There are 2 protein chains.
Amino acid sequence: MSKSAVARVVIVGAGFGGLAAAKALARSPVELTIIDRYNYHLFQPLLYQVATASLSPGEIAQPIRSILRGQANARVLLDEVTGVDGARRSVRTAGGSSVPFDYLLIATGARHSYFGKDAWEAVAPGIKTVDDATRLRSKILLAFERAEGETDAARREALLTFVIVGGGPTGVEMAGAIAELARRSIVADFRSIMPESSRIVLVEAGPRLLPSFPASLSEEAKTSLEKMGVEVRLGQAVTDITDDHVMIGATALPTKTVTWAAGVRASAAGEWLGASCDRAGRVIVSSDFSVPGHESVFVVGDTAAFNGPDGKMLPGVAPAAKQAGAYVAHLIDAKVRGRALPHSFRYSDYGNLATIGHSKAVADFGWARFKGLFAWLLWSVVHVYFLIGFRNRFIVALSWAWSYLTYQRGVRLITGSPDRATSEKVSKAA
Amino acid sequence: MSKSAVARVVIVGAGFGGLAAAKALARSPVELTIIDRYNYHLFQPLLYQVATASLSPGEIAQPIRSILRGQANARVLLDEVTGVDGARRSVRTAGGSSVPFDYLLIATGARHSYFGKDAWEAVAPGIKTVDDATRLRSKILLAFERAEGETDAARREALLTFVIVGGGPTGVEMAGAIAELARRSIVADFRSIMPESSRIVLVEAGPRLLPSFPASLSEEAKTSLEKMGVEVRLGQAVTDITDDHVMIGATALPTKTVTWAAGVRASAAGEWLGASCDRAGRVIVSSDFSVPGHESVFVVGDTAAFNGPDGKMLPGVAPAAKQAGAYVAHLIDAKVRGRALPHSFRYSDYGNLATIGHSKAVADFGWARFKGLFAWLLWSVVHVYFLIGFRNRFIVALSWAWSYLTYQRGVRLITGSPDRATSEKVSKAA
């Protein structure tokens, strides 16, 4: 430890929660280690735009090292955490390191959950990582390419059917973006098929889209999507997914492209700690985000189940993760300096935004609700503002302006081997 | 065939040569099929900037369908050609299609050649495709990351040694770009290592860098690179490459990151046609780019060996491929319309450009030679100008302006599984 540091803080995960904590500890007398298995912080809310060919991965990701470059008390470790040794207060990594801590913050997010149907993962990818998004982009674009060369009408129709499972913000955004891609961006590019005749089906098991929004905005989202030619199927459950169809209830819908936006499961932090978790695998934390039985271990973001004093669960959104990360940082700072602890955590809900498509979005601020162009402009400004890095903000704003005017998609690349998912599996098995 | 079309033209490869031919046939009474195994045209001269984290793949690639959207006589087929049936005049594809032609143009470019040492490919990747470039980018960035966590001094030094094999334009550009990355862009990002202490070694077996340039500019390139801290080793042959060292003559240089920029071999067109090839696998074509024995089959670009009337070989550069592609298109157009054939092909040499680094380049126009800032500005303008798509031109120009001012790299992403090359091999073997 350096002379001025009085405690070692380890942060696992450089998402919204982990990064907010790291920054809030900039002036603390601590030695800070941020561990992430990727070398970049990813702005996940825009990942669906990578999957639908609007943005490049580099435009929504920023190296963690660059972000923390000026923060002398922070070092960054590219490695994957595999476990926590609570007794010896250290974190184990896949790279074979053992990183000691006095305070540990875990903010490792969530992955897709297929409700136990793990076989669905191979045929219905979700969008959580850059590789997920570029793979899904290849899959969507390849479907149109294969349809163009397909002579069998039924197979062509299956190739031009896109199913999105899950009617939350990601599902709504994906359905809208695929509809625009098919009905606007690539309409003139094909000779045999009419991409605008594609079928885009959004399936939600619950009674309405965007369940975290007021019912009127859910209705607005449904109407907007339907105007864009999306079939919205509410109250219908997906019972099986194979590589050539989706079973909705007892009916088979032939399709080659399914996007999973239905469920997530927290990362393995609960197992590392042997802690109590909720059904989604989230660690049940105390009112200061610490883990019962591990006073110096904190969990925030999508990995934590935090029940507010009002009995409401802290939502799994970026602002909540950021606020929680900053709160824990202030708590650790106070403990390290021997100062008074901060007041108990209170979530500031700045509102809820979801975009549907070109000039269409919904916004709920509690005190006011917006829809249409104004909500969409707001959504755009907020998302550009919170992107890290001046270059990214500038280039994303320009890309959007260009797409807005031309309806074109700038990043229509089919990269990687189409069967990469398979080859990775083979490699792991080998 | 449609009513107005009198001949079927098939173009294999949508690089500079194939695309120039397709565009030149826009008003011809032909039915045109462009086959490529990727869905995009790639601006290969800037691919090294993807490999060194300056540009995103999407910024130098454009969907072939978009480019030819307005050309009614053209259709695009995403497929890989596996052979040509000369007698039946058709092209076979991996997708199982048989595409008939009256005229065939092959412009499938070249891949790396390891002079028979195929084992080097796995440890010394070249840069010909988007996947090559993103894989090399991951490899270079991972070397710094691993060095940061490495406690053994010798291993750390090997991780911070970057070897580039081949002193042509690509080798010079890569050496300069890696030197800038290490000594400027990421200097402040690490805590344990000093990236600026990295060793960058450019090995060229011949007596000088940039052999296609005048000797004075070769000397200028060498001096500039040395000022940037690149070790330039001329007249030294690489005799072996393994995953932890390069043998230069009889001396082992420990390194974990080798870039191959030494040799290329033409695609398999010669085998498809059973045609005579030169040592680099290029099809020896007649003065109208036709293949002896196949009057209606033409080969241009890096796949062709074309001896000009002056006895000089047509160089493997984009302008030569474009001119040859357009020439063949005019020839086919004349034949189809029964008009007089064009005069014999004459290459217009507009000059030779290579960039070395920030504000440094060399330019040779025959009538004049430039170096330094002016040559670099010229290089930038020319490369932005020839990029396809307004959006790409704009975003690349902005990215460069930003990098020029800040020395930062915007696209420092380690994506894919680091052992993807291995897993692909496993998958092929399986």
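View 1. Axes are lines fitted to C-alpha atoms, for helices over the stretch in contact, and angles run from 0 to 180 degrees between N-to-C directions. Contact means that C-beta atoms, placed from the backbone, lie within 7 Å. Helices (H or I, at least four residues) and strands (E, at least two) are DSSP runs, numbered from the N terminus.

Residues are numbered from 1 along each chain as its sequence is written, and chains are lettered from A and ligands numbered from 1 in the order in which they are written. In this predicted model, local features need pLDDT of at least 70, side-chain atom pairs count only at pLDDT 80 or more, and totals for chains, interfaces and linings use all residues.

**View 2. Strands S23, S24 and S25 of chain A form an open antiparallel sheet.** The strand order is S23-S24-S25. S23 (352–357) and S25 (369–371) are the edge strands, each pairing on one side only. The twist averages 5° from one strand to the next. Two strands pair if DSSP finds at least two bridges between them. S23(A) and S24(A), residues 360–364, are joined by 5 bridges. Ala354(A) stands opposite Val362(A) of S24(A).

**View 3. Strand S21 of chain A pairs with S9(A) and with S20(A).** S9(A), residues 103–106, and S21(A), residues 294–299, run parallel over 3 bridges. Leu105(A) has Phe298(A) as its bridge partner in S21(A). S20(A), residues 290–291, pairs with S21(A) in the antiparallel sense over 2 bridges. Here Val291(A) stands opposite His294(A). S20(A) and S21(A) form a hairpin with 2 residues between them. Gly293(A), in the turn, has a positive phi of about 90°.

**View 4. Helix H1 of chain A is mostly covered.** The buried residues are Phe16(A), Gly17(A), Gly18(A), Leu19(A), Ala20(A), Ala21(A) and Ala22(A).

**View 5. Chain B touches chain A.** Each chain contributes to the contact: 46 residues from chain B and 46 residues from chain A. On the side of chain B, elements giving two or more residues include strand S4 (61–63), helix H5 (130–149) and helix H12 (390–406).

Terms used:
Two residues are in contact if their C-beta atoms, placed from the backbone, lie within 7 Å. A residue is buried if 20 or more other C-beta atoms lie within 10 Å of its own, exposed if 12 or fewer, and partly exposed in between; C-beta atoms are placed from the backbone.
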